[in-house]
Amino acid sequence: MNGYLEALQAKMSDADFQKLAAIPHTKVHEFIAKASDLCNCAKIFICNDSAEDIAYIRQKAIETGEEKVLAMPGHTVHFDGIHDQGRDREATKYLVPKGVTLSKALNQIDRQEGLAEVKSLLRDSMTGRTMIVRFISLGPPNSVFTVLGLQCTDSWYVAHSESLLYRPGYEVFRNADPSQEILRVLHSAGKLNENMVSVEHEKKRIYIDHMDNTIYSVNTQYAGNSVGFKKLAFRLAIRKADREGWLAEHMMIMGVHGPGGRKTYFSGAFPSACGKTSTAMLPGETIVGDDIAYLRDIGGVARAVNVECGIFGIIQNINPTDDALIYKVLTSPGEVIFSNVLVKDGKPYWLGMGCELPKDGVNFSGEWYEGKKDEQGNPIPPAHKNARYTVSLRALENCDPELDNPMGVELGGIMYGGRDSKAYVPVQQSFSWEHGIIAYGASLETETTYAILGQEGVPEINMMSIQDFISIPLGQNIRNNLEFGRKLKKAPIIFGVNYFLRDKDNGKFLNTPSDKHVWVKWMELRVHGEAGAIRAPTGLIPKYDDLRRLFKKVLNKDYAEEDYVKQFTIRVPENLAKIERVQRFYQENVSDTPSELFEILDQQRQRLVEARKRFGDYIPPESFEW
Ligand code: SPV
Ligand code: MN
């Protein structure tokens, strides 16, 4: 026994002590002992992932009032405070030692200063409470992809969410080589009000100490800030991947059915609220993951796993017509945690669910009634736009059977998608791996959404959709991606997608949400060389006839040529402006940008300028068919 275990014994039952003692990592004991001392918890609960422990955590979440039971068996609801409804960029900082700076684009604070600050906020934060310890396997267990995760939290809701979202890791820890690296998270919800909601939002801090593989999170409950293995440990995983030569990505993974019964796997990076989950969940296709993927070169091919095994998804606009599969899960018995929805008579309601919402109920602001206003006098909506649901992927009918394959799935294609109302066409294929990484991945721009606190609709660079999570110099990340594909015997084909293009005259969206299914099927054919393409200045774009056939087959829709022309017209001024913004961003913010980025974008500019000379500013796709 080491001194740490002994020190912990007083706060644990015999059973919990035995569970912890069976884990041979002194580092684990040390982390828990230091967390316990700092936060001054009354008790410690060790979860060994047994059915009993898992049920106990859920029960405690209900008993403490962090979750309330809803009418449907298995359903509960959790509320986050009015100022805690999304990931918080301002409060999230990287701790950097003296003399080191990460890219200017990242929020950072001196390590010593930051540690002192966050520790002072965590000090005694668990007085009178139980600290829950969870062991997680990020990625399938016993696989080359497996990464160990350890979280201490005083929130039963957070621990419960982890039961649905992550693979159990207790046995993995027990059997792991004690020298193995562990990603660690210490979280406290901080001071709570009578509704069990964190109140000291101005003292919310999420600090990333990559030198010690530890994340500190305090005075927040929103899962993106508190469930350590979502975006928190992801930041540490990006560094680990950088050191070890693989990729940790903000990507969904899906299987797409092609002709002759084949299935082709794709991964896709999209910033929050840009269609990532809804792409992964397209009916008739299969879902491997909707948020975080690890990619490795195995035998010369790119293989990927889902780091998680559940979904913390946006519930707004989920309705029986557009999202039949998930709607069914959300309205049937089974384990679901709703957050920040409206509750009336034990039933959850959300915006865009396809029926009328009650005029009163309970929501993230407490008792809610139509016309209720916030402190600034703005009307409070019945449910938050970023209201979410948490479910296990296994609850979905179309969960892919390869979810737990320790070797992952082989990727045929990779998509990058932003929220771009002006420039990029709905779908295009890159000319090469490098062109895809630079022109679609590194140039990914998006207009800000409600998933992040702050103003909406502002266009900003979101490199490979990991701008908020990147914990290494941005240029280094681009280089890692370029290298990764170059080393493969067969690199996945890279596509750029954009579900948010608008008509330049009337501002209306040019596509409906279901159209993405056609783009996905087109990409599947392209991976196998079974659809044609037109060489446009920004990439290889679909031919009308192929899309017409696919629209009929996939959606039973007649696709008008006029719509095709509007959607796939190359908008030269908007594309030139985009290149300008991207290059400026990297020039001004990223000192280690590889020169290849500027070269590839210069070539794209050149192609656009030449096309403009021949065809003008707005070039219908058929002009390039020669
Ligand atoms: C996202 O916002 O990208 C999410 C939800 O997937 S969060 O857990 O908040 O990151
Ligand atoms: Mn995400």
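Which residues are buried in α15? They are Tyr544, Asp546, Leu547, Leu550 and Phe551. Keep in mind as you read that this is a predicted model.

**Helix α15**

- An α-helix has 3.6 residues a turn, so residues three or four places apart point the same way.
- Turn to the face of α15 that points away from the buried side, and you find the exposed residues Arg549 and Lys553.
- The cover over the buried residues of α15 includes α14 (516–527) and α16 (561–568).
- α15 runs over residues 544–555, and its twelve residues should span 16 Å at 1.5 Å a residue. The end C-alpha atoms are 16 Å apart, which agrees.

**The manganese site**

- Three residues coordinate the manganese ion (ligand 2): Lys231 through NZ, His250 through NE2 and Asp291 through OD, at 2.1 to 2.3 Å.
- Along the sequence, the donor residues of this manganese ion follow the spacing K-x18-H-x40-D.
- Lysine 231 belongs to helix α9 (residues 228–244), while aspartate 291 is in the loop between β15 (286–289) and β16 (293–298), so the pair ties together parts that are 60 residues apart in sequence.
- Are lysine 231 and aspartate 291 buried or exposed? Lysine 231 is buried, with a relative accessible area of 6%, and aspartate 291 also counts as buried, at 7%.

Methods: Residues numbered from 1 in each chain as written. Chains lettered and ligands numbered in written order. Predicted model: local features only at pLDDT ≥ 70, side-chain atom pairs only at ≥ 80, totals over all residues. Heavy atoms only, no water. Donors = N, O, S within 2.8 Å, 3.2 Å for Na, K, Ca; no water. Helix = DSSP H or I, 4+ residues; strand = E, 2+ residues; numbered from the N terminus. Buried < 20%, exposed > 50% of the residue type's maximum accessible area, 1.4 Å probe, protein only. Expected span 1.5 Å × (residues − 1). Contact = heavy atoms within 4.5 Å.
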